[in-house]
Amino acid sequence: GTATRGQKVNYIITAQNDAPVADKLKIRGHSSNSAFAVRYYDTAGTVITPQIVAGTYTTRRLNPGQSVDIRMEITLKTNAPPPACPLPCHELLTRPVTIASKANPNQTDTIRTTTTRLN
């Protein structure tokens with residue numbers, strides 16, 4: 001999609017426990033860059049950006065098949081250089097989000113951040 005400078009676009013990242021046992025999931029995502037401000041929120045609307053960027057955010061305990069949604073808000077900065085996202089900005093923005101099992105960190109999933117666009 002496209003966005004004008006200063007506009008916020010929201011996406012939903014869905015993390016699902018695909019294991020046959022209950023587990024917590026650790027989520028890691030990319031941070032802001034020269035063109036975009038990136039913020040992450042849990043389902044209660046609490047800012048969890050520092051934990052997501054550090055890779056330390058842990059979901060609640062999820063039973064097999066259960067999922068949790070994380071909202072990712074991307075704002076195109078008003079002073080973004082033209083084009084709005086030159087290289088390497090685009091590479092930084094499109095990095096995947098990584099989801100790993102807390103109990104077994106070797107079990108990981110990688111998803112694209114643009115799974116569901118809200119606006």
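Tutor: This is a predicted model. Take serine 101: leaving out residues up to four places away in sequence, serine 101 touches Asp23, Lys24, Leu25 and Gln107.

Student: Where is serine 101 found?

Tutor: Serine 101 is in strand S6.

Student: Is serine 101 buried or exposed?

Tutor: Look at relative accessibility, where buried means under 20%. Serine 101 has 6%, so it counts as buried.

Student: With which side chain does the side chain of serine 101 make a polar contact?

Tutor: The partner is the side chain of aspartate 23, at 2.3 Å.

Student: How should I read a nonpolar core?

Tutor: In soluble globular proteins, nonpolar side chains tend to be buried together. Here the largest nonpolar core has 21 residues, and Ile27, Tyr40 and Ile70 touch the most other members. Strands S1, S2, S3, S5 and S6 each give two or more residues to this core. S5 gives the largest share, five residues.

Student: Which residues is isoleucine 27 in contact with?

Tutor: Beyond its neighbours within four places in sequence, the contacts of isoleucine 27 include Ala15, Ile52, Tyr57, Ile70, Val97 and Ile99.

Student: And the chain as a whole?

Tutor: The chain has two helices and eight strands, in the order β-β-β-α-β-β-α-β-β-β from the N terminus. Of its 119 residues, 37% are buried. Among contacts with a separation of 6 or more, 77% join residues 24 or more positions apart.

Terms used
Residues numbered from 1 in each chain as written. Predicted model: local features only at pLDDT ≥ 70, side-chain atom pairs only at ≥ 80, totals over all residues. Heavy atoms only, no water. Core = buried A, V, L, I, M, F, W, Y, C linked by side-chain atoms within 4.5 Å. Buried < 20%, exposed > 50% of the residue type's maximum accessible area, 1.4 Å probe, protein only. Helix = DSSP H or I, 4+ residues; strand = E, 2+ residues; numbered from the N terminus. Contact = heavy atoms within 4.5 Å. Polar contact = N/O pair within 3.5 Å; in protein donor to acceptor, adjacent residues only side chain to side chain.
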